[in-house]
Structures are given as structure tokens and as C-alpha cells.
Amino acid sequence: VGDYSGLVHKVAEIVSAVRSDEAMVAKLGEVAKKVAAYYAANDSTKAAELIAILQSGVAKSPSLL
């Protein structure tokens, strides 16, 4: 966290690597899994929020992070 320049370069790399909707969704799915794993290990409140969203099938909060 805090390496915003590195993040921008990584996002640009991802966008140039994946040009189709399916590829982008797959890449975002990988990121979502990593975020979920982090929350499961480090933030039980955020993990519970993700579980509730997944169980309901509807994202109730646009800012989960």
C-alpha cells in the first residue's frame, strides 16, 4: 500500500494486456479473490461484509475498500 506510481503502471499493463470484456472480468476476478483472501486473514469486518454481499447476490455498498 502506498506505491501509487507502481499501481498506475500495473493497471496500465493490465488494460493493455486484456482488451476483451471476458479477459477483464477474469482479471478482476483474480483481484477480487486476492482482496477477499486478505480480508479473511486481516479484517473480519470487511470479510463479513463480502460474505453478506455474496450471499445476497447484490452489492449494497459501492465502497467496500
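User: What share of the accessible surface of the protein chain belongs to carbon and sulfur atoms?
Analyst: The accessible surface (Shrake-Rupley method, 1.4 Å probe) comes to about 5,400 Å². This is a predicted model, where local features need pLDDT of at least 70, side-chain atom pairs count only at pLDDT 80 or more, and totals for chains, interfaces and linings use all residues. Residues are numbered from 1 along each chain as its sequence is written, and side-chain values use heavy atoms, leaving out hydrogens and water. The share belonging to carbon and sulfur atoms is 63%.

User: Which helix has the highest confidence?
Analyst: Let's look at pLDDT, the predictor's confidence in each residue, from 0 to 100. The protein chain averages 81. Confidence is lowest in α1, at a mean of 79. At 92, the highest belongs to helix α3 (residues 44-56).

User: How far apart are the end C-alpha atoms of α3?
Analyst: Helices here are DSSP runs of H or I with at least four residues, numbered from the N terminus. The expected span is 1.5 Å times one less than the number of residues. The 13 residues of α3 should therefore span 18 Å, and this agrees with the distance between its end C-alpha atoms, 18 Å.

User: Which residues of α3 are buried, and which are exposed on the other side?
Analyst: Buried means under 20% relative accessible area and exposed over 50%, with partly exposed in between (1.4 Å probe, protein chains only). The buried residues of α3 are A47, L50 and I53. They cover an arc of only 125° around the axis, so they sit on the same side of α3; the arc is taken from the directions from the helix axis to the C-beta atoms. Exposed on the other side are S44, T45 and Q55.

Conventions: Helices (H or I, at least four residues) and strands (E, at least two) are DSSP runs, numbered from the N terminus.
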